[in-house]
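Dear colleague,

Please find below the structure that I promised to pass on to you. The notes that follow it set out what was found.

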Amino acid sequence: MRAFYVLDRPDGTTLEAREVATPEPGPGQLLIRVRASALNRGELTSLYAGAAGTARPGGAEAAGEVVAPGSEARRFAPGTRVMGRLKGGFAEYALLDAGEAMIVPERLGWEEAATVPIVFLVAYDMLVTYGRLARGEWVLIAAVSSGVGVASLQLAKAMCAKVIGTSGSGAKLAKLRSLDLDAGIATRGDFVDEVMRITGKHGADLAINNVGGTVFPALVRAAAYRGRIATVGYVDGTLHADLDLGALHAKRLELFGVSNRLRTAEERALTVAGFTRDSLPFLADGTIRPLIDRTFDFDALPQAKAYFDTNTHVGKIAIRL
């Protein structure tokens with residue numbers, strides 16, 4: 001079968017097409033015929049890459065039809081439409097752990113389904129599992145136009161929260177008005193005063209850091225009393241930041257990170273089960289529709305990555321097989 005591998009280089013990553021054997025499912029796995037996949041920053045940028053010269057199967061999420069279930073995954077019949085996080089989604093066939101598999105809602109096409117697993121499961125972890133977001137609370141999303149940022153905006157609005165988003169591009173913020181973004185702040189610098197003005201000096205009950213260390217001090221200052229601050233990315237390359245212990249102490253703040261790097265399969269499966277129960281209905285009934293910036297054909301994956309690297313997209317970039 002045809003597959004694309006991610007090659008790590010000193011100056012970033014590239015994609016390489018290869019002919020490889022079709023995989024065989026283990027007991028708890030599903031062999032799926034991939035119909036669509038999507039691009040994700042975590043595997044395509046040098047900040048998160050492996051050692052230079054290494055190569056790995058590309059594609060961290062996909063949607064497709066079950067071809068063959070493993071002996072312990074037969075609750076998924078052949079032909080079932082599924083989506084999930086995996087390794088090797090940039091291929092004609094891929095293996096999906098049964099604990100990661102979610103049934104694709106009828107409303108979603110293949111490309112929409114393929115853009116759900118990574119960003120919406122991360123958003124669920126931040127907003128629900130750890131963020132404990134409540135109706136009417138204020139959410140502040142730094143870099144709201146990113147894939148995780150848009151998913152967090154959509155899920156927060158479905159949960160009846162109010163959302164402020166920051167971006168260095170006013171044009172990107174304008175595109176998100178259709179998703180009911182309550183307020184957009186076009187800045188790459190300080191946004192604390194504007195957040196306090198918008199919230200009537202209340203601050204953000206939940207702040208999401210997609211950017212990194214450069215915005216972390218401002219998120220602490222912009223947080224509300226008993227606010228929660230999630231860190232999910234560091235695209236600025238800044239892994240260290242000052243922490244105002246006075247604000248942390250006085251506001252009773254909670255700081256947490258969201259990553260799957262050290263989680264067990266059982267922990268990841270719990271998130272999938274929670275999302276399926278609590279949030280997938282929003283996608284099934286049309287409350288949430290994944291935002292796709294552009295869709296590329298499978299053979300055009302290198303061009304899709306080149307477009308991804310321009311950082312001009314809003315939402316997700318999908319791949320059609």
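Two residues are in contact when heavy atoms of theirs lie within 4.5 Å. By that rule, valine 139 touches Leu133, Ala156, Ala161, Lys162, Val163, Ile164, Leu206 and Ile208, leaving aside residues up to four places away in sequence. Please keep in mind that this is a predicted model.

The nonpolar cores

Valine 139 also belongs to the largest nonpolar core, which has 49 residues. Val139 is among the residues with the most contacts inside this core, together with Met83, Met126, Leu127, Leu133, Leu155 and Phe275. The elements that give two or more residues to the core are helix 2 (110-114), helix 3 (117-130), strand 9 (138-142), helix 4 (147-158), strand 12 (204-209), helix 9 (265-278) and helix 10 (280-284). Helix 3 gives the most, with nine residues. A second, separate core has 22 residues, including Trp138, Val220, Ala222 and Leu253. As a general background, nonpolar side chains tend to be buried together in soluble globular proteins.

Turning to the strands, an open sheet is built from three of them in the order 2-1-4, with antiparallel pairing. Strand 2 (12-19) and strand 4 (55-57) each have a single partner strand and stand at the edges, so one side of each is left without a neighbour in the sheet. On average, neighbouring strands of this sheet are turned by 35° against each other, direction ignored. Strand 1 and strand 2 pair over eight bridges in the antiparallel sense. Alanine 3 stands opposite arginine 18, which belongs to strand 2. Helix 11 (residues 301-309) packs on the sheet, where it touches strand 1 and strand 2, and its direction makes about 170° with that of strand 2.

Strand 1 (residues 2-9) also contains aspartate 8. Is this residue buried or exposed? Aspartate 8 has a relative accessibility of 2% and therefore counts as buried, the limit being under 20%. Its side chain has a polar contact of 2.8 Å with the side chain of threonine 54 and another, of 2.6 Å, with the side chain of arginine 56.

Salt bridges

The count of salt bridges comes to 18. In general, side chains of opposite charge can pair when their charged atoms come close.

In the pair of lysine 316 and glutamate 61, the closest N and O atoms are 2.6 Å apart. Lysine 316 lies in strand 16 (residues 316-320) and glutamate 61 in strand 5 (residues 61-69), so the pair ties together parts that are 255 residues apart in sequence. Both lysine 316 and glutamate 61 are buried.

Arginine 221 and aspartate 190 meet through their side chains at 3.2 Å, N to O. This pair links distant parts of the chain, 31 residues apart: arginine 221 is in helix 7 (residues 216-222), and aspartate 190 is in the loop between strand 11 (183-186) and helix 6 (192-198). Arginine 221 counts as partly exposed at 38% relative accessibility, and aspartate 190 counts as partly exposed at 48%.

Lysine 305 and aspartate 309 have their closest N and O atoms 2.7 Å apart. Both lie in helix 11, four residues apart, which is about one turn of the helix. Lysine 305 counts as buried at 7% relative accessibility, whereas aspartate 309 counts as partly exposed at 45%.

Strand 11 has a covered face with Ala183 and Ile185, and an uncovered one with Gly184 and Ala186. Strand 11 pairs with strand 10 (residues 162-167) in the parallel sense over four bridges, and alanine 186 is the bridge partner of serine 167.

Finally, arginine 263 lies in the loop between strand 14 (254-257) and helix 9. Arginine 263 is buried, with a relative accessible area of 17%. Which residues does arginine 263 touch, not counting those up to four places away in sequence? They are Asp125, Arg268 and Thr271. The side chain of arginine 263 also forms a polar contact of 3.2 Å with that of asparagine 260, and reaches the backbone oxygen of glutamate 267 at 3.5 Å.

With kind regards

Terms used:
Residues are numbered from 1 along each chain as its sequence is written. This is a predicted model: local features need pLDDT of at least 70, side-chain atom pairs count only at pLDDT 80 or more; totals for chains, interfaces and linings use all residues. Side-chain values use heavy atoms; hydrogens and water are left out. A nonpolar core is a set of buried Ala, Val, Leu, Ile, Met, Phe, Trp, Tyr and Cys residues joined through side-chain atoms within 4.5 Å. Buried means under 20% relative accessible area, exposed over 50%, partly exposed in between (1.4 Å probe, protein chains only). A polar contact is a pair of N or O atoms within 3.5 Å; within protein, one must be able to donate a hydrogen and the other to accept it, and residues adjacent in sequence count only if both atoms are side-chain atoms. Two strands pair if DSSP finds at least two bridges between them. Axes are lines fitted to C-alpha atoms, for helices over the stretch in contact, and angles run from 0 to 180 degrees between N-to-C directions. A salt bridge is a side-chain nitrogen of Lys or Arg within 4 Å of a carboxyl oxygen of Asp or Glu.
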